[in-house]
Amino acid sequence: MGVRVKTGHTLLAATLGLGMAFGAQAGKYPDITSLPDLKINVAKAELGKRLFFDRRISGDAGIACSDCHKPENGYAHPDALSPGYPGNGHFRNSPSVVNAAHKKVWMHDGRLGTNLNDVTREMLTEDYIMNMDMRVMQERAKQDPKYVQMFKDAGFGEPSNGSIRKAIPEYLKTLTSENAPIDTGKMSASAKRGQKLFKGKAGCIQCHNGPLATDGKAYNTGVPENFDIFLDPMNHHAFIAFAMFQGIEDYMNLKRDPGYYNITMDAADTGKFVTPSLRELKYSAPYMHNGMIKSLYDVVGFYNRGGGKDSRKDSRLKPLKLGKQDIKDLVAFLESMSGDPLTSGKHVWKDPYPAEYPVIENWTQVKN
Amino acid sequence: MSNVIQTPTLLAAAITTALLAGCAGQATSESTAAPAAEKSMAAAPMAMAGPAPLAPLGEPPIPPDNLQSAAKIELGKILFFDPRLGGDASTGCSTCHEPDQGWAWAEDFSRGYPGTVHWRNSQTIINSAYFPRQFWAGSASSNESQARGAARGGVAGNGEADIMEARLRVIPEYVERFREAFGTEWPIVRDAWRAIASFERTLVQRDTPLDKYLLGDKSALDADQLKGKELFEGKAGCIQCHNGAITSDQDFHNIGIPPNKRWEEDGLAQITFRFEQYAKGQTQEGYRKAKSDWGFYYRSKNAWDKGKFRTAPLRYLKYTAPYMHNGVFYTLEEVVDFYDRGGFDEDGRTTMFTENKSSLIKPLGLTDDEKDALVAFLESMSGEEMLMDKPEMPEYAPLFTLAELEAAQEAK
């Protein structure tokens with residue numbers, strides 16, 4: 001089962017003070033600038049890459065990180081609700097992990113706020129994600145001579161579950177936006193008009209700001225529930241297990257994703273989700289924590305109507321009265337935050353994995 | 001914890017696992033120290049009064065906090081066959097305890113959770129209700145705690161309690177049946193283990209030829225079997241450990257079973273072998289050097305318990321080959337030859353812990369006829385094969401209607 005880490009109430013406190021009119025406030029928010037360079041240990045990242053695409057690091061060796069975070073979909077998944085570990089469904093959209101290494105808060109509800117080592121652990125051990133007993137995982141890695149060599153080359157010594165949880169985050173660092181027009185400055189005229197709207201009339205910048213276009217805080221935007229969480233019992237049982245573990249009362253009768261509420265247990269936070277990054281959206285449809293919005297046009301349309309319906313909806317969201325051209329321009333701007341697809345061998349492990357574990361010869365003589 | 005593996009990351013992981021699982025099932029429960037009473041019992045010398053005689057099997061004991069009921073038994077039966085009581089919904093109890101494989105698995109090592117192989121032989125469920133100590137090394141103390149451990153172990157069911165409980169709750173027939181059997185609003189996974197235990201208490205066999213004979217039907221055993229019985233109780237000395245109604249003293253002995261060669265030849269088996277050393281709380285040093293199953297040692301941590309296993313019950317053996325904790329013998333003839341050679345296989349292999357080998361195991365000097373008679377007698381401890389059709393599995397169904405969800409959405 002996963003780990004529940006309280007990111008604390010400070011997040012909440014920070015968001016409450018911000019309910020001001022937009023427009024005039026644009027200058028207050030950090031610009032969407034280029035992402036800083038991350039120092040990467042190549043050997044460790046290479047090892048992490050092989051692990052990320054390897055199904056053998058899940059309990060029944062049936063699912064890899066890359067099965068839910070697919071390179072061709074911006075390392076997200078094209079289904080509204082993520083697949084689950086075999087025998088399970090899921091209740092949230094699988095987010096892009098491109099630029100995850102630049103974040104401070106992870107998961108749609110922001111429940112992990114420590115580091116990617118923790119996030120990786122949660123992914124590996126969660127029943128409905130990879131259901132891996134990490135002791136089995138470690139012994140599998142030790143049985144694969146290629147891993148034994150790679151761990152050594154990376155300076156880890158022999159394979160261990162601790163170093164697996166270091167190598168994968170190192171690889172995640174390599175998944176950073178490359179050549180996005182917003183970074184190279186090669187933006188179309190339409191995208192530039194969209195950027196103005198984004199910072200001005202449309203008010204997006206209030207929440208989507210800084211290099212990742214997120215302030216890392218949680219808001220209620222009124223995204224409609226995805227009923228498939230409840231109508232598909234496989235999704236629902238994963239959701240029940242999650243809600244039970246989070247300690248949410250009356251979880252059997254819950255008919256909505258409580259979102260940020262599970263961190264603060266404050267009813268006012270029900271239905272809040274952490275502002276997502278807006279980079280690489282070109283590849284990562286559908287959108288929102290539950291995949292309820294299919295295209296960027298639809299997202300902009302959603303905001304143009306003032307967001308969804310929820311009594312606790314954030315007061316910043318008001319009908320925007322954008323025209324057809326405005327909407328196109330905003331979409332063009334959103335697209336200008338996506339770079340080249342990260343689908344070549346530089347980011348994707350393309351060699352096949354051995355179909356069987358080779359035997360360790362001379363077993364009775366060598367140390368385990 | 002001082003003798004537990006010290007690699008910090010491993011330790012951290014082990015602790016995490018234990019914390020998160022609440023109590024981590026088969027694997028870690030083995031590493032907790034055995035109660036003092038058990039230790040002293042294991043260490044105690046053979047009772048001076050001589051072994052308990054063979055006896056007909058009575059009713060299985062029923063724990064007062066889990067009385068039998070028809071509703072529980074029926075529920076337990078369905079659950080026993082339901083693979084959703086395992087991590088990826090593929091591996092339930094019956095997956096490794098197949099009714100037509102003697103309620104066990106007909107290979108040396110049990111099949112494992114997908115992607116793994118087990119490291120011990122799968123035991124039959126038949127008569128398990130009688131054993132105060134379960135598993136080859138006696139690490140579980142009841143059918144209830146055994147079932148819980150089995151569903152969760154990394155190479156067995158690999159299922160976490162909360163996901164299994166959540167699954168039961170979206171299967172309306174189970175919700176109904178748990179309510180009837182236990183009176184709870186929603187299924188609770190602990191009650192699943194109780195129901196399965198109740199079902200297992202019905203899987204008993206009390207009408208074997210030996211039982212009939214012991215109850216007075218002198219024609220129930222033929223001449224050969226009677227001769228075997230005499231050897232069993234006399235020259236061959238089997239009765240010293242295999243005694244009483246359950247044909248087991250429930251004590252631990254090293255009888256000289258050699259390690260399974262498969263660990264030298266099969267990569268997947270090597271993975272599980274090392275995993276089990278961790279899972280069973282080996283020291284770092286033990287983990288590095290272990291090359292066979294240390295048996296009862298994992299619980300007692302006494303050097304003299306290395307290679308000791310619970311005296312295996314001998315009932316229903318006709319259907320449960322292969323034999324021994326690691327399945328090294330495929331026939332009862334091989335088993336008898338092994339004992340006749342004083343605890344050596346046909347290649348002269350024996351336990352790696354010869355210093356712990358029971359002094360009761362020594363060459364027997366049996367003739368071929370005597371060996372046949374002994375096998376014939378062993379077979380008289382099995383009755384008819386107990387087969388069972390897999391019950392129909394109840395289906396998942398949504399708990400809410402679309403209209404209810406829409407109303408909730410409206411009310412947001």
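By class, 14 nonpolar, 15 polar and five charged residues make up the lining of the largest cavity; here Ala, Val, Leu, Ile, Met, Phe, Trp, Tyr, Cys and Pro count as nonpolar, Asp, Glu, Lys and Arg as charged, and the others, Gly among them, as polar. The structure is a predicted model, in which local features need pLDDT of at least 70 and side-chain atom pairs count only at pLDDT 80 or more, while totals for chains, interfaces and linings use all residues. Residues are numbered from 1 along each chain as its sequence is written, chains are lettered from A and ligands numbered from 1 in the order in which they are written, and side-chain values use heavy atoms, with hydrogens and water left out.

On a 1 Å grid over the protein atoms alone, a cavity is a set of points where a 1.4 Å probe fits but cannot get out, a pocket is an open set with protein on both sides within 12 Å along at least five of seven lines, and lining residues have an atom within 4 Å of a point. Grid points are joined across faces, edges and corners, and a volume is the space filled by probe spheres set on the points. Five cavities of 30 Å³ or more were counted, and the largest cavity holds about 510 Å³. Its lining comprises 34 residues, with B:His97, B:Ser122, B:Phe135, B:Gln146 and B:Ala150 nearest the centre. Helix H6 of chain B contributes the most to this lining, five residues (helices are DSSP runs of H or I of at least four residues, strands runs of E of at least two, numbered from the N terminus).

The second largest pocket has a volume of about 790 Å³. Among its 44 lining residues, B:His242, B:Ala312, B:Leu314, B:Met324 and B:Tyr339 are closest to its centre. This pocket lies between domain 1 (10-58 + 207-379) and domain 2 (70-200) of chain B, because both give residues to its lining; the domain bounds come from an automatic or database domain assignment.

Between the chains, 57 residues of chain A are in contact (heavy atoms within 4.5 Å) with 56 residues of chain B. About 5,200 Å² is buried between chain A and chain B, 61% of it from carbon and sulfur atoms; buried area is the accessible area (1.4 Å probe) that two parts lose on being put together, summed over both. Three salt bridges were counted between chain A and chain B, each a side-chain nitrogen of Lys or Arg within 4 Å of a carboxyl oxygen of Asp or Glu.
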